[in-house]
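Colleague: I would like to go through the labels used for this model and set each against its criterion. Where do we start?

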Amino acid sequence: MGGVPSTARAGGGAWPQETAEYLIGEFVGEKSFPLASDYWQKLLELPLDLRWPSYRVREACHMFAMNNGSTRHLTKILIHLAWCLQECVSASDVASPAFSKALNALFISSVFLKYVIENSKSDNFEELYLSLEETDPVPSNFSKAGQHVENLIMLSALSFIANVDVSPGTYLLHQELLNFILIAMSTQLLSGPTPGPNDVHPFIDAAMAQESSLVNLVVRKLLLNYITRPQFPVDSSFSILSEGNQRGVLTRVRSAAANLMLFPFNYLANRNGEDSKSPVAEGSLDVLLITSYYHKCILVDYVKDKSHNSSPETLLKEDTYFSENPFRKALQNVQDIEFDHNDIEGNAHSGPVIRLPFTSIYDTLGMCLADETSVLLLYSLLHGNSDFLAYVLVRTDVDTLLMPMLETLYNAPSRTSNHIYMVLVIFLILSQDSSFNASIHELILPNVPWYQERLLYQTSLGSLMVIILIRTVKFNLSKLRDIYLHTNCLATLANMAPHVHRLSSYAAQRLVSLFDMLSRKYNKLAEVKNNKMNTSYNDDLRGVGLPDDPSAELHIYTDFLRLVLEIINAILTYALPRNREVVYAIMHRQEIFLPFRNHPRFIEPLENIYTVLDFFNKRVDAQKADREWSVDKLLEVIINNCRSWRGEGMKMFTQLRFTYEQESHPEEFFIPYVWQLVLSHGGFTFSPSSINLFPVPVEEIYEHDVEKPVNGELKENGLQVGIPV
């Protein structure tokens, strides 16, 4: 009933290890204990200090899964967990036994719930058996007919988060509850990337069914946890920790099939001085993103309305839609606690809204944007919350947000393509505002220590953005070759172009060299198309996301070249007097434009560029005979003539303006993406062979299924951590 009998623990004690062995053995065994049995109190009040190797935990989980259909012990421990959490909410003192009982219930239920979810074979997770048998006796305060277990546990869990503050006495319970919610919602990992009407996710669907007032409180608390970043209180004493020389709270029942965050032992042993890390903050953000990006697909059957124009037949039509997500709505309606937007613009939100200090959110994001999940939160707020976007656009220290993201792009080779993509989308959203485009050129950076290719002193933030975006295009051409990254980079540059002010010489050179690089790619493709060279198109030129047809790719590069010319043209048309370095750069490399002067797609923008070149070339030639020539003297001529530039002969074109719009089915990207981020943290792992939400490399499945890392074995400082997916 629980594996091999163990010997008594040296020194004895009130709770000998045999008792833990017995109670866990009964929990996974064939005997069913009624919901009101005193067995559950013994199980939840016992400080479990089990030193089980991973194979014993796997055996226990396997036995539990076989017997759960008849015992319904998963449902029963979840009900007890819900009752404990409810008692914690009403308790005035964290020394209440309810807190330690809730913690025990979380540890046990998390391990076995995760195992059952991972190994589920049915489409609707029948293996969970989230109901009591009709013959099961229940307490008078519990109704089997009127209360769904998944709804009860999610209501209790969310109520605890909303109403119980994180403190030294509740920190561990908050952390474990967030882990439990992740496990409960991990049923999404077994579904495909496209939500369908037949998808069943009991716990996350139950969360979506909660009252909006509770959801608002939960979203507010999750954001507060992210902002305040509460640290594990190393020097504090916990009422829920065991006394004397015992190792502490429950040493977790854990295996390769049931990986949980290792708290408190592994966290204390492996902090490595990373004081900024806050597992509660990270877990809160994970739960917030998973819930806010969830899409519940609903199937609707309806009969077409008969009218005099309708056909004689009555047709049954099937259609689907996504139900409203209260978590996403709450996040979109967050307002600044220091500013009443409604009073000024009269755009009141329907229903209660969350009020939080935008200053704190902004500053916390600035500190955490090296983390990919924080980038996704920033995107979610900028794209979905118009109040927060407006707040960001009026900040004068926008470098707080931009610098860490620019550094991310600079280190693109060590970042995921999705991370790069999200940063570029954020830049595109911000560049849609003309005041943003102007302000970034007014903010001067003393230096950029992480930029290694060149010393950048007293460079404007706008110039740095141009440099990094162009660098990203070049990296993408050589490595990723993703057409969408190209498009987003160039679209952001195009939005910025009319507002460029005193672009640095280095940025101007990079801009012109970008045209040169794209033109060389274009020429190679043109030669391939004309069969003038024996180049392997597939190996050397074709990129990911680009068409297989060289003619089609040639057309794409034609568009890229046209867009770069329009970017240069916009700077010269709207901001030439303020950009002498751009004039110098195109004069210095003017020969690269010549082969395209008569190209039908490039004639219009090149006419303006050559108008500028002719104007300055004439004035430079007029003074060459009178003096010795140098770069400084050339710049002096350019500066003097920029002052007298009136734009005569320039053709005015409509300003390019690109806006960001989500794809028609954003859930197909964001749901898998959020779960990939959660799994990448290392605190939550999942069997790779069970994941259908996104592709998992075959070698990772093989490594997990064959090598069987011994994640459950106790080490000197805690349990060994498995490598996350």
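Modeller: With the salt bridge, which is a side-chain nitrogen of Lys or Arg within 4 Å of a carboxyl oxygen of Asp or Glu. This is a predicted model, in which local features need pLDDT of at least 70 and side-chain atom pairs count only at pLDDT 80 or more, while totals for chains, interfaces and linings use all residues. Residues are numbered from 1 along each chain as its sequence is written, and side-chain values use heavy atoms, with hydrogens and water left out.

Colleague: What makes Asp-516 and Arg-520 a salt bridge?

Modeller: Their side chains come to 3.7 Å, N to O, and the limit is 4 Å, so the pair counts. Both residues lie in helix H22 (residues 505-529), four residues apart, about one turn of the helix. Helices here are DSSP runs of H or I with at least four residues, strands are runs of E with at least two, and both are numbered from the N terminus.

Colleague: Why is Asp-516 called buried?

Modeller: Buried means under 20% relative accessible area, exposed means over 50%, and partly exposed lies in between (1.4 Å probe, protein chains only). Asp-516 has 15%, so it counts as buried. Arg-520 has 46% and is therefore partly exposed.

Colleague: How do you know that Asp-559 and Arg-601 form a salt bridge?

Modeller: The N to O distance is 3.0 Å, which is within the 4 Å limit. This pair links distant parts of the chain, 42 residues apart: Asp-559 is in helix H24 (residues 550-575) and Arg-601 is in the loop between H25 and H26. Asp-559 at 30% counts as partly exposed, and so does Arg-601 at 31%.

Colleague: What joins Asp-516, Arg-520, Arg-589 and Glu-591 into one network?

Modeller: Salt bridges that share partners join these four residues. The whole structure has 17 salt bridges.

Colleague: Why are H25 and H26 called roughly perpendicular?

Modeller: Helix H25 (residues 580-588) and helix H26 (residues 603-624) pack at about 90°, with axes 10 Å apart. Axes are lines fitted to C-alpha atoms, for helices over the stretch in contact, and angles run from 0 to 180 degrees between N-to-C directions. Under 35 degrees counts as roughly parallel, over 145 as roughly antiparallel, 65 to 115 as roughly perpendicular and the rest as oblique. H25 is therefore roughly perpendicular to H26.

Colleague: Which residues of H25 meet H26?

Modeller: Val-583, Ile-586 and Met-587 of H25 have contacts in H26 (heavy atoms within 4.5 Å). Their partners include Phe-616 and Asn-617.
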